[in-house]
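Here is a short report on a two-chain model. Keep the structure open as you read.

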Amino acid sequence: MDQYDTLTGKGHSRRRFLRNVTSMSVLAALYGYGGIRPALGWPQAGNHDAVREVDGDTDVFNLVIDRTPMEIDGKPANPITVNGTVPGPAIRMREGRNVRIRVQNKLDEWTSIHWHGILLPFQMDGVPGVTFEGIPPNDTFEYHYPLKQAGTYWYHSHSGLQEQLGHYGPLIVEPAEPEPFDYDRDYVVMLSDWTFEDPHDVFRNLKVAEGYYNYQKRTVEDLLEDIRQKGWSQTMRERAMWGEMRMSSRDLLDVTGSTYTYLINGRSPNDNWTGLFKPGEKIRLRVINGSAMSFFDVSVPGLKMTVVQVDGQNVEPVPVDEFRIGVAEIYDVIVEPDDQQAYTIFAEAMDRSGFAAGTLATEVGLTAEIPAPRPVPSRGMEAMGMDMGGMDMGNGDMEMGNGDMEMGDQSGGMDMGDQSSGMQGDQGMTGQSSHAGMVMNNDDAKGGMDMAMDKSGGKAPWPLADRDISHGPDDHGPGAAMVARNPGNRLNDPGIGLKSTPEHKVLVYDDLKALAPWPDPREPEREIELHLTGNMERYMWSFDGEKFSEVDGPIQFHHGERLRLILVNDTMMDHPIHLHGMWMELENQHGDLRPRKHTISVKPGEMVSARITADAPGHWAFHCHLLYHMKAGMFRVVSVA
Amino acid sequence: MNTNRHLSKTVGGLLSATLLAVMPLAAMADGQAPFAVEKGWAPPVGDVPHGRFLIDRLEYAAGDDEDSVNLEFKGWYGGDYNRIWIEGEAEDVVSGGSGGAIENLDLLYGRLISPYWSVQAGVGYQLEYGPGPDPDRGYAVLGLQGLAPYWFEVDTNLRVSEDGDAWADFEAEYDFLLTQKLVLQPRFGTMVAFDEVEEFGVGQGINNVKLGLRLRYEIKREFAPYVGVSWNKKLGDTADMAKDEGEDTGDFRVLAGVRMWF
């Protein structure tokens with residue numbers, strides 16, 4: 001027997017529907033194979049599925065939530081587990097069928113499971129205090145709903161800070177129709193961040209001591225280096241700007257590698273999770289960011305990754321070398337490992353304070369080189385929402401010399417290197433003014449240049465061009481330490497610390513293009529503008545300057561209406577914003593072929609919009625998916641009636 | 001840090017009772033849908049009070065004539081907007097003399113009024129002891145505390161004693177990161193009195209200028225030993241009063257201490 005046949009059930013052969021395998025026997029085989037202790041949770045090689053029972057038109061799963069002592073990165077830990085592992089087992093549901101999930105709570109506290117990205121009756125959404133009361137200790141809750149979608153998703157606790165303790169897992173909905181791409185084998189790559197601290201202590205540290213986990217602040221050495229490179233006056237100008245705002249250009253992630261151990265499928269780089277392949281196979285990696293607070297930059301050095309699904313939704317395939325994944329986002333990519341024996345799956349934390357790593361290999365035990373750490377990036381002026389908006393200066397995709405582009409007015413500040421000019425509110429360079437499409441020859445200085453130009457041809461106008469945003473009468477009050485005076489389009493910006501070049505393509509939101517228009521062709525009838533706000537000093541996070549505890553009642557959607565949701569980031573942090581129960585169609589350059597997402601990452605100084613069809617009556621959570629931001633108040637209820 | 005948590009909970013418990021008495025009852029409304037409120041479900045996220053007790057300076061200060069042990073602390077408990085503060089500064093001469101002072105011991109209510117600034121109001125107590133008479137007084141405080149542009153930590157207070165004497169103090173400090181854990185902290189402080197109060201050696205006008213420079217190493221965020229120097233120069237009428245008492249008007253000290261919080 002070929003060794004790969006013994007691996008069925010870990011790497012999923014698409015053509016082999018071997019179901020109802022008792023995962024224990026598979027696990028036992030694996031433990032023997034990998035020579036590892038079962039206390040580690042997921043096996044070293046392959047994936048770990050939940051047992052699926054079939055009852056007529058319903059698939060049935062039994063999940064037990066408990067504390068299970070185990071080793072994480074070789075150290076004793078006591079995580080919250082689902083059926084004994086971290087992550088919980090992959091749950092494979094099937095489109096067009098019903099599912100029934102019995103969740104038994106063996107913790108001494110209340111718990112819950114939210115099915116992230118799944119459209120379902122709101123009573124089944126699993127958010128305590130919003131859709132149900134929660135699952136009491138020693139009680140069982142039965143979820144049941146029909147599956148009307150396919151793709152890669154995940155599930156996690158929505159109670160307290162349980163997510164940080166390991167209470168999450170992958171959820172795969174197998175499609176009723178064949179998918180528009182091919183692969184031979186598929187693996188879940190679930191990224192997460194583990195801390196040996198009590199998450200309540202983590203939250204307290206953030207609350208009482210700003211910058212507690214940041215050991216990458218600017219020091220005197222950075223100052224001297226800047227002076228050497230940029231000169232005295234430029235350095236002082238920049239320092240003055242940050243100083244006046246009392247902001248740090250190194251405030252990238254609130255919780256860092258100083259406390260986190262980053263995991264792939266529950267395993268640290270030392271524990272080296274491995275996906276096995278035969279050379280020449282197409283491997284689908286279902287990359288899920290199940291972490292509490294960490295954005296990752298994902299690559300498989302030596303291999304091109306073709307992005308085929310995003311947040312469970314098919315997109316036109318995009319070959320990339322690297323992509324950034326916000327918390328709770330999901331990217332399905334296909335890689336074709338060829339000659340080499342082993343490749344590293346590398347997920348570097350956005351702030352470069354650590355990484356998760358695993359291996360794609362022809363046998364267990366192989367490793368490939370881990371990339372050298374990259375320098376810690378610093379935020380630039382664009383993060384302040386002061387007008388450098390779609391103009392990431394390090395972005396190699398920016399093509400100013402495009403012959404198709406006529407610029408009506410070039411006086412709008414071609415001197416991109418001069419940051420002080422960017423401070424003047426120079427609209428010409430914001431990239432906000434894409435309404436004229438390819439040829440922009442209007443005389444208005446705002447005609448500007450469209451930096452997000454699609455090389456292949458036309459580009460849909462950006463609906464937020466020239467939009468007058470409002471920060472309210474008091475700039476959102478004490479809960480907002482800053483506002484973005486002139487937020488811009490950053491859909492073509494790969495984000496802080498990343499640079500897309502012809503040799504190293506990094507995915508941007510503007511690359512995402514749906515395969516077909518979504519069912520609701522209507523234009524939005526109504527717009528809702530929400531600002532992402534925060535005050536780092538007191539670790540207050542909110543929408544429009546008001547924490548959940550400060551607002552009066554939910555955001556109202558009218559049942560059946562077509563909405564445009566506008567998110568303006570008035571903070572220095574990236575926020576992954578998640579709407580439960582309904583899709584957000586991200587308005588990027590692709591018009592009717594805009595991608596559909598459940599979680600949209602919004603960069604500092606950025607403004608984005610999404611179309612929503614309010615077709616799901618009930619009450620839904622809407623929040624920042626950074627766990628401690630949500631906990632601090634960046635949460636709203638959306639009521640659809 | 002279980003003991004720390006326990007301690008902060010105990011302190012928190014004591015203070016929360018005070019806080020409840022001081023704070024107007026917050027409106028119970030939040031972002032929950034009426035549907036969930038009717039069912040009596042707890043809100044999905046809510047505000048939890050926190051607290052921190054910072055011993056900013058606990059140091060041995062060696063001078064030309066005398067050595068002292070100095071203490072400065074700031075503790076708070078409460079939410080994002082409303083907090084109870086307890087702050088104090090004391091000095092005890094341990095060598096080359098005797099006596100000491102509780103320069104201030106304040107119990108304050110603080111309210112966040114803008115992203116970086118809180119107003120504080122409350123009462124306080126001051127005591128000087130031995131040799132000679134041990135004067136003390138109570139006073140009311142109105143303060144402003146926060147982070148000024150360029151990251152200067154600022155704390156300023158206006159105090160009015162039970163006898164109607166008024167004075168104001170101002171303190172600013174800055175953290176220079178030499179490395180991620182090695183921090184150089186310059187400090188500046190001054191005091192202006194609107195009334196002369198002889199028993200406390202307070203003259204009218206600017207009383208003094210205090211400068212400090214401390215180099216701390218954060219073994220962890222919560223615990224940082226330091227070394228440093230301080231210079232306290234008495235000015236104007238206050239300096240004259242000190243001279244009359246036969247005291248120096250300038251006081252230079254070498255310091256070693258620890259900064260810690262729970």
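## Terms and chains

Two residues are in contact if their C-beta atoms, placed from the backbone, lie within 7 Å. In chain A, take the contacts between residues at least 6 apart in sequence: 77% of them join residues at least 24 apart. In chain B, residues 24 or more positions apart account for 46% of the contacts with a separation of 6 or more. This is a predicted model: local features need pLDDT of at least 70, side-chain atom pairs count only at pLDDT 80 or more, and totals for chains, interfaces and linings use all residues. Residues are numbered from 1 along each chain as its sequence is written, while chains are lettered from A and ligands numbered from 1 in the order in which they are written.

Helices (H or I, at least four residues) and strands (E, at least two) are DSSP runs, numbered from the N terminus. Chain A has six helices and 34 strands. Chain B has three helices and 13 strands. A residue is buried if 20 or more other C-beta atoms lie within 10 Å of its own, exposed if 12 or fewer, and partly exposed in between; C-beta atoms are placed from the backbone. Of the 641 residues of chain A, 57% are buried. For the 262 residues of chain B, the buried share is 27%.

## Where the chains meet

Chain A puts 41 residues into the contact, and chain B puts in 34 residues. Five elements of chain A each supply at least two residues of its side: helix H2 (199–208), helix H4 (232–245), strand S33 (618–624), helix H6 (627–632) and strand S34 (635–640). The chain A side divides into 19 nonpolar, nine polar and 13 charged residues. Here Ala, Val, Leu, Ile, Met, Phe, Trp, Tyr, Cys and Pro count as nonpolar, Asp, Glu, Lys and Arg as charged, and the others, Gly among them, as polar.

Two strands pair if DSSP finds at least two bridges between them. One open sheet of chain A has five strands in the order S26-S34-S33-S28-S31, with mixed pairing. The twist averages 20° from one strand to the next; axes are lines fitted to C-alpha atoms, for helices over the stretch in contact, and angles run from 0 to 180 degrees between N-to-C directions. S28 (residues 575–579) and S31 of chain A pair antiparallel over four bridges. A:His578 has A:Thr599 in S31(A) as its bridge partner.

Another open sheet of chain A has four strands in the order S7-S12-S11-S9, again with mixed pairing. S7 (91–94) and S9 (114–116) of chain A each have a single partner strand, so one side of each is left without a neighbour in the sheet. Neighbouring strands of this sheet are turned by 30° against each other on average, direction ignored. S9(A) and S11 (residues 151–156) of chain A run antiparallel, joined by three bridges. A:His114 has A:His156 in S11(A) as its bridge partner.

Most residues other than glycine have a negative phi, and most peptide bonds are trans. The bond from A:Val86 to A:Pro87 is cis, with omega near -10°. A:Pro87 sits in the loop between S6 (80–82) and S7 of chain A. The bond from B:Gly130 to B:Pro131 is also cis, with omega near -10°. B:Pro131 is in the loop between S5 (117–129) and S6 (136–148) of chain B.

A:Asn265 is not a glycine, yet has a positive phi of about 50°. A:Asn265 counts as buried because it has 30 C-beta neighbours inside 10 Å. A:Tyr539, not a glycine either, has a positive phi of about 50°. A:Tyr539 lies in the loop between S24 (526–535) and S25 (540–543) of chain A.
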